[in-house]
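Please look through the structure below, and then read the report on its pockets, one of its strands and one of its loop residues.

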Amino acid sequence: MNSPTSQPRRKPKRQPSHSKDPGGKEFGQEKSQRSTKPSPNSKSSSSKSPSNKSPINKRQGLNKKRTGPQKPRPKVTPLSVAETQVVLLNKPFDVLCQFTDEGGRRTLKDLLPIAGIYAAGRLDRDSEGLLLLTNNGQLQAKLTQPNKHTFKTYWVQVEGDVDDTAIQALSQGIELKDGPTLPAKVRRLQQPESLWPRNPPIRERRNIPTTWLEICIREGRNRQVRRMTAHVGFPTLRLIRYVIGNLSLDTEQGQCLQPGEYRTLSEAAIKELLHD
């Protein structure tokens, strides 16, 4: 009989090829996981088609023209001559050319008890003189259109003794930051007899004279007259708009509207203004 110890040893079973690395991961499983994970540089089929969430597509969508029916714009019924109001106001210094102000400053509401009228053009807070107001939107646009080239006349008090060179430069047009100005009508002017005192008065320097100029321009840039006189070396101290087209601060009695005073145009004058 054979002894139990004499039986041959059995060979151990072979382990799978995907043995574990020292970190505990199976090499075969890791390889399969890597093969199924998409490469960051690879382009999937979904990336070829544009996404609806792309900002470029959003912008393209905004630029598309609407193909549906458009809502018609409401038509503004033009006012007749009888329905049209036109007010001429002598705006005082330090009054805003609007009807409301959150800062509590003086506005047109403090001067005019007439409702439903709006300024045709503007006049700076530190400027004085003629301001037109109307309830007729078409007339308001007509009075402010740049292509109408309506002349506006200003009385301007500047610092210094203005020479002929400066007057010629203002008349021919000068180069400002926003482009050259159109030719203007400029002449020296004696202090107008109908001129009212300003409150508060301007600050004059004892040893420097001042000069009054009459400047007529047909543009309406922001603070244009002040920039023009400063460009030629004579800063503006006081600015009064006296005439717009054929309308002025003069009354039918030959007097001048005082600061804060206003008058309304007659129906005949409004008709002429509308058909001008």
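## The second largest pocket

In this predicted model, the second largest pocket is lined by Lys142, Leu143, Lys148, Thr150, Ile244, Gly245, Asn246, Leu247, Ala269, Glu272, Leu273 and Asp276. A pocket here is an open set of points on a 1 Å grid over the protein atoms alone, where a 1.4 Å probe fits and protein lies on both sides within 12 Å along at least five of seven lines, and lining residues have an atom within 4 Å of a point. The elements that give two or more residues to this lining are α4 and α7 (267-274), and α7 gives the most, with three residues. Helices (H or I, at least four residues) and strands (E, at least two) are DSSP runs, numbered from the N terminus.

The volume of the second largest pocket is about 360 Å³, where a volume is the space filled by probe spheres set on the grid points, which are joined across faces, edges and corners. Its lining divides into five nonpolar, three polar and four charged residues; Ala, Val, Leu, Ile, Met, Phe, Trp, Tyr, Cys and Pro count as nonpolar, Asp, Glu, Lys and Arg as charged, and the others, Gly among them, as polar.

## The largest pocket

The largest pocket holds about 630 Å³ of space and is lined by 31 residues, of which Arg122, Tyr154, Gly220, Arg221 and Arg241 lie nearest its centre. Two or more residues of this lining come from each of α4 (137-144), β4 (152-159), α6 (224-231) and β9 (236-244).

## Strand β1

In β1, six of six residues are buried, that is, under 20% relative accessible area with a 1.4 Å probe and protein chains only. Val86, Leu88 and Asn90 point one way from the strand, while Val87, Leu89 and Lys91 point the other way.

β1 runs antiparallel to β3 (residues 128-134), to which six bridges join it, and valine 86 has threonine 134 as its bridge partner there. Three bridges, also in the antiparallel sense, pair β1 with β11 (residues 262-264), where arginine 263 is the partner of leucine 88; two strands pair if DSSP finds at least two bridges between them.

## Valine 81

Valine 81 lies in the loop between α3 (55-63) and β1 (86-91). Not counting residues up to four places away in sequence, valine 81 touches Glu267, Ile270, Lys271 and Leu274, with contact meaning heavy atoms within 4.5 Å. Although valine 81 and glutamate 267 are 186 residues apart in sequence, they are 6.6 Å apart in space, C-alpha to C-alpha.

## How to read the values

Residues are numbered from 1 along each chain as its sequence is written, and side-chain values use heavy atoms, with hydrogens and water left out. As the model is predicted, local features need pLDDT of at least 70 and side-chain atom pairs count only at pLDDT 80 or more, whereas totals for chains, interfaces and linings use all residues.

Key. Buried < 20%, exposed > 50% of the residue type's maximum accessible area, 1.4 Å probe, protein only.
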